[in-house]
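Please look through the structure below before reading on.

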Amino acid sequence: MEQARAHDAYRLAVRVPEQPRSGSARGEHTHADADAGVAAAAESPAPPSPPAPRKPVQRSSVRGQVLDALRAALVGGDLAPGEVYSAPVLGERFGVSATPVREAMQQLAIEGAVEVVPNRGFRVTERSARELGELAEVRALIEVPVMLRLARTVPAARWCELRPLAEASVVAAAGGDLARYAESDRAFHRAVLGLSGNQQLVQVADDLHRRSQWPLVSGPVSGRRADLIADAAEHAALLEALVARDLVVVQSLVREHFAGAGG
């Protein structure tokens with residue numbers, strides 16, 4: 001009797017669980033636990049989904065719009081070479097704060113269109129004839145060999161697809177819209193070089209092209225329109241030479257075009 005009591009006391013002290021009486025009981029216990037776990041999992045709330053990526057801040061969009069407006073003002077002559085402009089004043093002009101204007105001007109400084117004037121603002125770069133000539137020379141070194149190679153390999157039908165772009169530049173030139181012509185001119189050249197399949201080439205050439213457009217031409221509006229019309233006409237002539245695979249004419253037209261009003 002004393003030995004049985006001691007055994008019961010030991011079992012309570014160490015909390016030894018009662019062993020199941022049979023294998024079937026053990027199996028029933030396991031299935032019950034599994035069913036309970038499935039039910040609990042079904043009732044528990046699903047983990048929260050990750051937050052959706054945020055859209056770009058609106059300031060970036062404003063900055064891009066201001067940048068486009070400043071580029072158009074530079075090409076059109078609304079921002080005069082040598083003049084200093086402050087971000088707050090330009091911000092009032094565009095109906096925005098000074099911050100996106102300052103950010104856009106910093107990009108233009110990287111592109112060489114303006115330079116920072118401490119505590120004053122940004123001065124529009126004055127391009128000398130020598131600088132414009134250097135840009136034309138670099139562009140010719142890059143684009144002429146590429147266009148000659150394309151003239152040998154690209155089917156005539158592909159060149160014909162670019163005629164609407166050439167016509168768009170003629171329309172812009174006829175209207176005397178410098179900013180619109182500058183963009184249509186670059187669009188035409190991007191499309192031509194894009195047939196090479198080399199996007200790095202297209203980006204480098206487009207950057208050089210943009211730099212060469214500040215300033216475009218000077219003088220009376222009528223004179224500028226005439227120069228732009230002549231420059232735009234070279235796009236159509238270049239396409240015809242590319243279709244005919246006339247390499248001599250292609251090389252001559254490209255070099256002359258770079259030295260023209262819009263490049």
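What follows is a set of notes, grouped by topic, on a predicted model.

- Three strands make up an open sheet, with the order 1-3-2 and antiparallel pairing.
- Strand 1 (84–85) and strand 2 (114–117) are the edge strands, and each of them pairs on one side only.
- Strand 1 and strand 3 (residues 121–124) run antiparallel and are joined by two bridges.
- Across this pairing, Val84 is opposite Arg123 of strand 3, and Tyr85 is opposite Phe122 of strand 3.
- Four bridges connect strand 2 with strand 3, again in the antiparallel sense.
- Val116 has Phe122 in strand 3 as its bridge partner.
- Strand 2 and strand 3 form a hairpin, and three residues lie between them.
- In the turn of this hairpin, Asn119 has a positive phi of about 65°.
- In general, the side chains of a regular strand alternate between the two faces of the sheet.

**A helix on the sheet**

- Strand 2 and strand 3 pair with each other over four bridges, and helix 5 (residues 98–111) packs on the sheet by touching strand 2 and strand 3.
- The direction of helix 5 makes about 120° with the direction of strand 2.

**Helix 4**

- Which residues of helix 4 (residues 87–94) are buried? They include Ala87, Leu90 and Gly91.
- The buried residues of helix 4 fall within an arc of 105° when seen down the helix axis, so they line one face of the helix.
- An α-helix has 3.6 residues a turn, so residues three or four places apart point the same way.
- Val89 and Glu92 are exposed, on the other side of helix 4.
- At the start of helix 4, a side-chain oxygen of Ser86 comes to within 3.3 Å of the backbone nitrogen of Val89.

**Helix 6 and helix 9**

- Two packed helices are described by the angle between their axes and the distance between the axes.
- For helix 6 (residues 129–153) and helix 9, the angle is about 55° and the axes are 10 Å apart.
- Helix 6 and helix 9 are therefore oblique to each other.
- On the helix 6 side, the contact is made by Arg139, Glu143, Val146, Met147 and Leu150.
- On the helix 9 side, the contact is made by His189, Val192 and Leu193.

**Ser196**

- Ser196 sits in the loop between helix 9 (178–194) and helix 10 (199–212).
- Is Ser196 buried or exposed? Its relative accessible area is 19%, and buried means under 20%, so Ser196 counts as buried.
- The side chain of Ser196 reaches two backbone atoms: the oxygen of Leu193 at 2.6 Å and the nitrogen of Asn198 at 3.2 Å.
- Apart from its neighbours within four places in sequence, Ser196 is in contact with Val146, Arg149, Leu150 and Leu201.

**Leu228**

- Leu228 belongs to helix 11 (residues 221–244).
- Leu228 counts as buried because its relative accessibility is 0%.
- Leu228 and Ala182 are 46 residues apart in sequence, and their C-alpha atoms are 9.5 Å apart in space.

Conventions:
Residues numbered from 1 in each chain as written. Predicted model: local features only at pLDDT ≥ 70, side-chain atom pairs only at ≥ 80, totals over all residues. Heavy atoms only, no water. Buried < 20%, exposed > 50% of the residue type's maximum accessible area, 1.4 Å probe, protein only. Polar contact = N/O pair within 3.5 Å; in protein donor to acceptor, adjacent residues only side chain to side chain. Contact = heavy atoms within 4.5 Å. Arc of directions from axis to C-beta. Pairing = 2+ DSSP bridges. Axes fitted to C-alpha atoms, helices over the stretch in contact; angles between N-to-C directions. Parallel < 35°, antiparallel > 145°, perpendicular 65-115°, else oblique.
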